[in-house]
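Visitor: Could you show me how to read a strand and the rings around it?
Guide: Gladly; let us look together.

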Amino acid sequence: MTGPQCPATSGHGQGQVANLHSEQAVAGAIRVLVTGVRGKTGAPLAELLVARRGVEVRGGSSDPSSVGIDGVRPTVFSWDEPSGWAAATDGVDAVYVVRPDRADAPELIGALLAQTSPRTRVVLLSDQDGGHPGPDHPGPAGWAPRAERAVRDSGRPWTILRPGWFMQVFTDPRFYRDQITGAGELPFPSGDAAVAWIDARDIAAVAERALLDDGHAGQTYRISGPEALSLPRTAELLSAAAGRLVTHRDVTVDEAVAGLGGFERDLSALTFERVRDGSFAEVTDTVEHVTGRPARTLQSFLAVAEPALRRTGR
């Protein structure tokens, strides 16, 4: 479990790009590469892009045969195989970069963007740790800022997204779903801090605007849900959705990262420490500011997610 699934800045590329629809009106379709197209933000983003007229969506995946989103062109893309990046990025006008949770991510991102046209718009999915404590800090603490610096230094028009913890962790068996539906508990090291949970679909909506529309180059967007919730209150909402009592167990950080090793363990521990410090309690209006509609509440997300939380496997 790495990273949360968990004020604007100016920089390289700001003001360099006109609306992509205007530029491509004569040239043809706008080509957008979505890396991690089967992921929590990649899949809803691809669906939003396909719905926009004149947009060709390349769905990047290490297993393109598994990409089944209507209107999306399955495209071979793997962080482990740089030899395939040139074909994946050939002719693209914009690219959505889902940062790989591995120690060499900053170098990989820089190498990928070097293969794109200087006019290619880049939107990076970072996280709320992206600016803390800075790119010159060694080890995992400076890893997210270094990944962001690779994008800023690329010379491409860029936008960086810094979301908090995804609501989807409650319905994903790789995170908390099975503990919620099985033991009826949410083991999460909050230290009494609140979390402004964000729906991945709202992150995707911001990404769609940044990839295609004017006014987002050089911006760093902090993205949260509309309310900061304590973990006991979160458990109450989960109880209503699951149709059974769900309690929050405030485990230690060591307990939360048990079973992980190496870089993944260090990065996850750092993220949980930031949760306990209150770093993920910040509420922003970014979703409404960028998309014109407010971010979804956890209650509204869970109303739709009830079937997944009511499966117990017993």
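Visitor: Which residues of S6 are buried on one side, and which on the other?
Guide: In a regular strand, side chains alternate between the two faces of the sheet. Here Trp158, Ile160 and Arg162 on one side of S6 and Thr159, Leu161 and Pro163 on the other are all buried, where buried means under 20% relative accessible area with a 1.4 Å probe, protein chains only. S6 covers residues 158–163; strands are DSSP runs of E with at least two residues, and helices are runs of H or I with at least four, numbered from the N terminus. This is a predicted model: local features need pLDDT of at least 70, side-chain atom pairs count only at pLDDT 80 or more, and totals for chains, interfaces and linings use all residues. Residues are numbered from 1 along each chain as its sequence is written, and side-chain values use heavy atoms, without hydrogens and water.

Visitor: How many bridges join S6 to S8?
Guide: Two strands pair if DSSP finds at least two bridges between them. Five bridges join S6 to S8 (residues 219–223), running parallel, and Thr159 has Gln219 as its partner. Parallel strand S5 (residues 121–125) is joined to S6 by four bridges, with Leu125 opposite Leu161.

Visitor: Why is the pair of Phe188 and Phe272 edge-to-face?
Guide: Rings of Phe, Tyr and Trp (its six-membered ring) pair if their centres lie within 6.5 Å; planes under 30 degrees apart count as stacked, over 60 as edge-to-face and the rest as tilted. Phe188 is buried, with a relative accessible area of 0%. Its ring centre lies 5.6 Å from that of Phe272 with the planes at 80 degrees, so the pair is edge-to-face.

How values were computed. Buried means under 20% relative accessible area, exposed over 50%, partly exposed in between (1.4 Å probe, protein chains only).
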